[in-house]
Amino acid sequence: MNKLNRRSMLKGFGAAALGAGAGIINPLKANGEEPRKNGLPPLKITKVKAIATSPEGIELVVVKVETSEPGLYGIGCATFRQRAHAVVAAIEKSLNDFCVGKDADNIEDLWQSTYQSSYWRNGPVLNNALSGLDQALWDIKGKRANMPVYQLLGGKSRFAVDCYAHASGESPGAVADDVTKYMEQGFRHVRIQLGGYGTTSLTAEPDYKKAGFGKQSDHYMDPYVYTKGTQDIFETVRKQCGKKVELLHDMHERLQPMDAINLIKSLEPYRPFFIEDPFSPENNRYFKLLRENTSVPIAMGELFNSPHEWIDPMKNLWFDFIRIHISQIGGITPAMKVARLGEAFNIRTAWHGPGDVSPVGHAANAHIDLAVWNFGIQERVNFSDKLREIFPGAPYIENGYMYVNEAPGLGVDINEKLALKYPLPDVQLNNWTQVRKNDGTIIRP
Ligand code: MG
């Protein structure tokens, strides 16, 4: 097909999209052309690039996939805050070269071929880059189809995405006040934390600091202070905020497994909606013991990268919510498979949705949330005005529900010029993960 014919064909396709419902069966005949034999006109990837930005002090990485159709591109979230420069290198130094010239329509084939292209696979960094590519391809697919991505995933199973807010404070009373604030905003689900995750303290003077071990900026966690404090916030919040509000809590994997099991059992009277990430992935085998000892619902998985980490626990019904970080497993394509696997075992979704997911990543979460039957709950953050300016069309919250922009694709764009005004810092974030016991032993999150 010559160039001119192809252009007029694309125009015809656009007219068909606009004329949906008007009884147009084949726009090509109207142009005097033969009907297409192989679906959509070919669309090649011409460039895959990284856009890194840190407008609020949180390193975000977005993949932009450009195509042979002028003006048609997609974006996807590849954020891995702690190693953002490595993800940028993976995109620019290998993903671009691997993808250029390939057919942008074949998402599954591009996912599978990219996934195993490095031979070693299932790790962070490469999975993040793959996620950015995958989400961008779904964005393009939606734009091609003139539909929001959730429509391509099967349409809506619900009118909007029920979300939980994150309440915290330095005392049980302050946490309860924060919960009240969110309830007044319409949230039905609130996650409660005393201080930082694990009730870590920068000010306490543990023995390791007195001994000059570790760094001054390292955090200190006392398991007793954390355990007692968590029981106290549940008791106070239930007293002050009533029985109906759904309460969640993130253990952030930092307790010894038996201490974690005992804490969860002790929270039964407060009816938690779920307890999140009780064990580090290295301790997955403790889930069996946990299940035999308590019926408190469990959510797990934000640190998972590989199907090898979630398939057996899901098959064994070891948790109730799968809350993987979609950018860490490679995007929408594998997340849909995880969601379908969960449906078979009545495990609901609760995708990880913190500040170190870009607005386009939050949109990807929400499109899946809208479509899959076994959606559970969605973590959400507030986007600042600055973030909304850089990512026009970002999802928004009303009455505790998240809504997506109904524009074709993921509905989110990126203002590249503005994004580049906030470059990544040279030094990567490391101290957030540095939590130690009193004797200085490092604790795994
Ligand atoms: Mg968490």
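## Leu 43 and its surroundings

Leu 43 sits in the loop that joins helix H2 (27-30) to strand E1 (45-53). Helices here are DSSP runs of H or I with at least four residues, strands are runs of E with at least two, and both are numbered from the N terminus. Leu 43 counts as partly exposed because it has 19 C-beta neighbours inside 10 Å. The scale works like this: a residue is buried if 20 or more other C-beta atoms lie within 10 Å of its own, exposed if 12 or fewer, and partly exposed in between, with C-beta atoms placed from the backbone.

Leaving aside neighbours within four places in sequence, Leu 43 is in contact with Thr 67, Ser 68, Glu 69, Asp 103, Ala 104 and Asp 105. Contact means that the C-beta atoms of two residues, placed from the backbone, lie within 7 Å. Leu 43 and Ala 350 are 307 residues apart along the chain, and 34 Å separate their C-alpha atoms.

## About the model

What you are looking at is a predicted model, in which local features need pLDDT of at least 70 and side-chain atom pairs count only at pLDDT 80 or more, while totals for chains, interfaces and linings use all residues. Residue numbers start from 1 along each chain as its sequence is written.

## The whole chain

The chain holds 17 helices and 15 strands. Its radius of gyration is 23 Å, close to the 22 Å that the globule rule gives for 445 residues, so the chain is as compact as a globular protein of that length. (The radius is taken over C-alpha atoms, and the rule is 2.2 Å times the number of residues to the power 0.38.) Along its principal axes, the C-alpha trace spans about 80 × 45 × 40 Å.

Of the 445 residues, 44% count as buried. Look at the contacts with a separation of 6 or more: residues 24 or more positions apart account for 72% of them.

## Two domains side by side

Domain 1 covers 40-147 and domain 2 covers 151-409; these bounds come from an automatic or database domain assignment. Taken over C-alpha atoms, the domain centres are 26 Å apart. Where they meet, 36 residues of domain 1 are in contact with 25 residues of domain 2.

On the domain 1 side, strand E2 (60-67), strand E3 (73-77), helix H4 (107-115) and helix H5 (126-145) each supply at least two residues. H5 gives the most, with 13 residues. This side of domain 1 divides into 17 nonpolar, 12 polar and seven charged residues. In that count, Ala, Val, Leu, Ile, Met, Phe, Trp, Tyr, Cys and Pro are nonpolar, Asp, Glu, Lys and Arg are charged, and the others, Gly among them, are polar.

## The nonpolar cores

In soluble globular proteins, nonpolar side chains tend to be buried together. A nonpolar core is a set of buried Ala, Val, Leu, Ile, Met, Phe, Trp, Tyr and Cys residues joined through C-beta atoms within 7 Å. The largest core in this chain has 112 residues, and Val 63, Ala 129 and Leu 133 touch the most other members. H5 provides the largest share of this core, eight residues. Domain 1 (40-147) and domain 2 (151-409) each contribute at least three residues to it.

Which residues does Leu 133 contact, leaving aside its neighbours within four places in sequence? They are Val 48, Val 63, Val 65, Gly 76, Leu 95, Cys 99, Leu 110 and Thr 114. A second, separate core of five residues includes Tyr 220, Met 221, Val 435 and Ile 443.

## One side of helix H10

In helix H10 (residues 257-266), Ala 260, Ile 261, Leu 263 and Ile 264 are buried. They lie on the same side of H10 because they cover an arc of only 165° around the axis; the arc is that of the directions from the helix axis to the C-beta atoms. These buried residues pack against helix H9 (223-241), strand E8 (272-276) and helix H11 (287-293).

## Two positive phi values

Most residues other than glycine have a negative phi. Arg 271, in the loop between H10 and E8, has a positive phi near 50°. Leu 317, in the loop between helix H12 (307-315) and strand E10 (321-322), also has a positive phi, about 60°.
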